[in-house]
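Work through the exercises below with the structure open. Each task is followed by a stepwise solution.

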Number of protein chains: 2
Amino acid sequence: MPELLEQEYNIPIDELNTALNSGMFVHVRNMLESMAASDIALLLHSSPPKARTVIWQLIDSNIQSEVIEELSDEVRNPILKNMSPEKVAEAAANLDDDDFADVLRGMPDAVFKKVLKSMDKQDQVRAKRVMSYEEETAGALMNTDTITVRPNVSVDVILRYLRLKESLPEATDYLYVVDKNDTFIGEVSLAALLTSTTSKLISEVMETDFEVIPATMHDSEVASLFERYNWISAPVIDENGILLGRITIDDVVDVIREDAEHSMMSMAGLDDEEDTFAPAIKSTRKRSVWLGVNLFTALLAAFVSSLFESTLDQLAVLAILNTIVPSMGGVAGSQTLTLVIRGMAVGHVTQANSRWLLGKELAIGFFNGLIWSVLIAGVVAIWKQDVMLGAVIAFAMMMNLIAAGVAGVLIPLMLKRMKIDPALAGSVILTTVTDIVGIFAFLGTATWLLI
Amino acid sequence: MPELLEQEYNIPIDELNTALNSGMFVHVRNMLESMAASDIALLLHSSPPKARTVIWQLIDSNIQSEVIEELSDEVRNPILKNMSPEKVAEAAANLDDDDFADVLRGMPDAVFKKVLKSMDKQDQVRAKRVMSYEEETAGALMNTDTITVRPNVSVDVILRYLRLKESLPEATDYLYVVDKNDTFIGEVSLAALLTSTTSKLISEVMETDFEVIPATMHDSEVASLFERYNWISAPVIDENGILLGRITIDDVVDVIREDAEHSMMSMAGLDDEEDTFAPAIKSTRKRSVWLGVNLFTALLAAFVSSLFESTLDQLAVLAILNTIVPSMGGVAGSQTLTLVIRGMAVGHVTQANSRWLLGKELAIGFFNGLIWSVLIAGVVAIWKQDVMLGAVIAFAMMMNLIAAGVAGVLIPLMLKRMKIDPALAGSVILTTVTDIVGIFAFLGTATWLLI
């Protein structure tokens, strides 16, 4: 149960907030000075919009680039909007390629043009290069801080070359071996450099059976490869096999978290990047669309009920029990749906095994239907002193739990085939199905048997 | 939308399944031989139980340990149950410490004792050591394959020492510096070894401002530190500062994914490790508890409705509209709940900012209440030709959307304080609140104004 932890390890968020609220800005500035950039980023994420503006102004300008790197788009963009284009250009210049691209992409076009103008030539060229890769691709995730070596030199030469460099880029575990056209031909680990006989050639110690990542690969697929093969970094190449850069695990971890959160957030009709502390008006606009869709389905269910108005008129007890069967169907269906959506996201659910899965969920629907229809029959028969009414609701429960299992498997599979995100659309469609089946089964059978 | 990807990169799952189903075992064995252990693990995760048994028997026994390492408990345990204790002991012997502990922990006590007996002395000692750390702590996540060096030797000596070793443990980016009692005093990166003047002492090139991880730290907290500081590996120490081992990013990535999935699965009443292809009976048992809880809350809502039985008796149209307000409240509330649960999991929501958050969600509830109560009033007034009825449902909608926003913030905060997992219990409690408030507001106002 990770939620139960106090995650504020090392960050005195509450103390900072108290100091902010009482206007003790000097104290806040001192506290911020002793914090790492990633901790300040966490603090900004945990603060309401106004506090963010204040905190940002109290941050040492030397560390601002580093903080920007760690912010999500939703938190970063309002901050950048308040800075002059020159300041943004200056802060952006210090960013890694992937963060640089991310920041530029987040700007409105007009701002982007101004910022671009304020950059020096070199950064302008870099901006054009990094922006040429589509968002959510390997190209947009990579950095170009690779160290490349040639195959026909000795380990000894490389060791001397590295010693001249004085430091290596972060998360460097491999040097990449390229030919004179920059074609990727292999890689050599730092561990191999440290443990090999120094007279050996790079071509003798390099690995060549390593998978490379095309720049156009989707970042979720990149993440899945990193997870599967336990990589720390991996080379990115273009369609001609030319080495473009490398992707490191720290950037991949962000993709993994975002992808894992995506399903949960989408199922509630929220953006992945939904900022917990966004202004109320902005959030209202975003969420109202989802509520509108759900109001439509609720009206649809009400319409189905209205088909049985004369039945309800004669037997008010049906009105009281009418919500039970749709509600159970919704819960059972969303269990199946959640499982299938998770299974699809991690690559476990495919066309090949979907038939087996359908059979299994149908069986679960049947077994659970058996358990709960017997129980509800008993409860209703005793509560309302009506055995026949108990039988009717039991039958409806059985039908709806089976329908829920089937719908929970089929809806996401169909949506995926139609290239619609199952996490976003799945739960609305599922609830509509379980509401309508539930109401028809209950009120329909009641009309037939009890009226 | 990561779900839309074909994640089966490089793994011919469908072809394998076809071959399996037609009994072409030799063909399957040949295909398996060309696959990496992690790909075979993915295949096992994507297969129904029976196919898993067959595939397992076709896997080369040399690669079995590696495959075991990549399996989740739910998939691994049935496989191990079918192996002899000797075979399990043999396969386990090749595992890293953290996977070794994980495998042993997953066994029933009786099996564990038999497997332990089949182990050699050295592994028996290792088993006792790794089992001494509690599950989900840093200790259970670490390996002991660290390379330690002393501070008073030169870089040159270390370089020669490493050359004798011929290979380094996976994901080694730092050597750890310890004194003669194995107390951790610093660390030196491979990059530093490669770029420093070789005559320098380790004490001159080592970093000492690095954070260490106590063996008792919760693994979610470990993951949050890795994420925040972009670590690749980190040293684990005991309460006396003695170096015990190290944690590497590949194991942390699993924790990050599990934690992120935990909320989504729990909100649907599923286990994090719920196996998509578990047998139907097993899944029925697990899920029926959740359905039982929900049946109870549905009955509670029905009971609330029954308080207004005479009203419903007089006006059947109320029965038809009675589901709309609770349903909208449930949807709006679960948006807030999801956001707060995610915010808690990543450490953004704390006591300090919860009051601000409550104000924001209350405002969103009010604004959305305004939008949708006006709309529903219009729809109902036109549909049922009754302006007063429209006004009643609009009022109930407003009340319930505000209640949903407040409940969506307060319920998870209260649960967290009571050390109950908000992701698991939150949605049931929330739906109960929005159902009851919705029914009371709608039927109560209707009884007052329309009867």
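The exercises cover a helix pair, a chain interface and salt bridges in a predicted model.

**Exercise 1.** Determine how helix α17 of chain A is oriented against helix α23 of chain A.

Solution.
- Step 1: Locate the helices; α17(A) spans residues 280–306 and α23(A) spans residues 422–450.
- Step 2: Take the geometry: the axes lie 9 Å apart, at an angle of about 15 degrees.
- Step 3: Angles under 35 degrees count as roughly parallel, so α17(A) is roughly parallel to α23(A).
- Step 4: The crossing of α17(A) with α23(A) is right-handed.
- Step 5: List contact residues: α17(A) contributes, among them, Trp290(A), Val293(A) and Leu300(A), while α23(A) contributes residues including Asp435(A), Ile439(A) and Phe440(A).
- Step 6: Sort the contact residues by class, which gives 11 nonpolar, 5 polar and 1 charged.

**Exercise 2.** Describe the interface between chain A and chain B.

Solution.
- Step 1: Count residues: 143 of chain A are in contact with 144 of chain B.
- Step 2: The buried area is about 13400 Å², and carbon and sulfur atoms give 65% of that area.
- Step 3: Between chain A and chain B there are 10 salt bridges. One salt bridge joins the side chains of Arg342(A) and Glu261(B), at 3.1 Å from N to O.

**Exercise 3.** Which parts of chain A does the salt bridge of Asp102(A) with Arg76(A) tie together?

Solution.
- Step 1: The N to O distance between these side chains is 3.3 Å, and the cut-off is within 4 Å.
- Step 2: Asp102(A) belongs to helix α8 (residues 97–105) and Arg76(A) to helix α6 (residues 73–81), so the pair ties together parts 26 residues apart in sequence.
- Step 3: Over all chains, the count is 38 salt bridges.

Notes
Residues numbered from 1 in each chain as written. Chains lettered and ligands numbered in written order. Predicted model: local features only at pLDDT ≥ 70, side-chain atom pairs only at ≥ 80, totals over all residues. Heavy atoms only, no water. Axes fitted to C-alpha atoms, helices over the stretch in contact; angles between N-to-C directions. Helix = DSSP H or I, 4+ residues; strand = E, 2+ residues; numbered from the N terminus. Parallel < 35°, antiparallel > 145°, perpendicular 65-115°, else oblique. Left-handed = near helix turned anticlockwise from the far one by under 90°. Contact = heavy atoms within 4.5 Å. Nonpolar A, V, L, I, M, F, W, Y, C, P; charged D, E, K, R; others polar. Buried area = accessible area lost by both parts, 1.4 Å probe.
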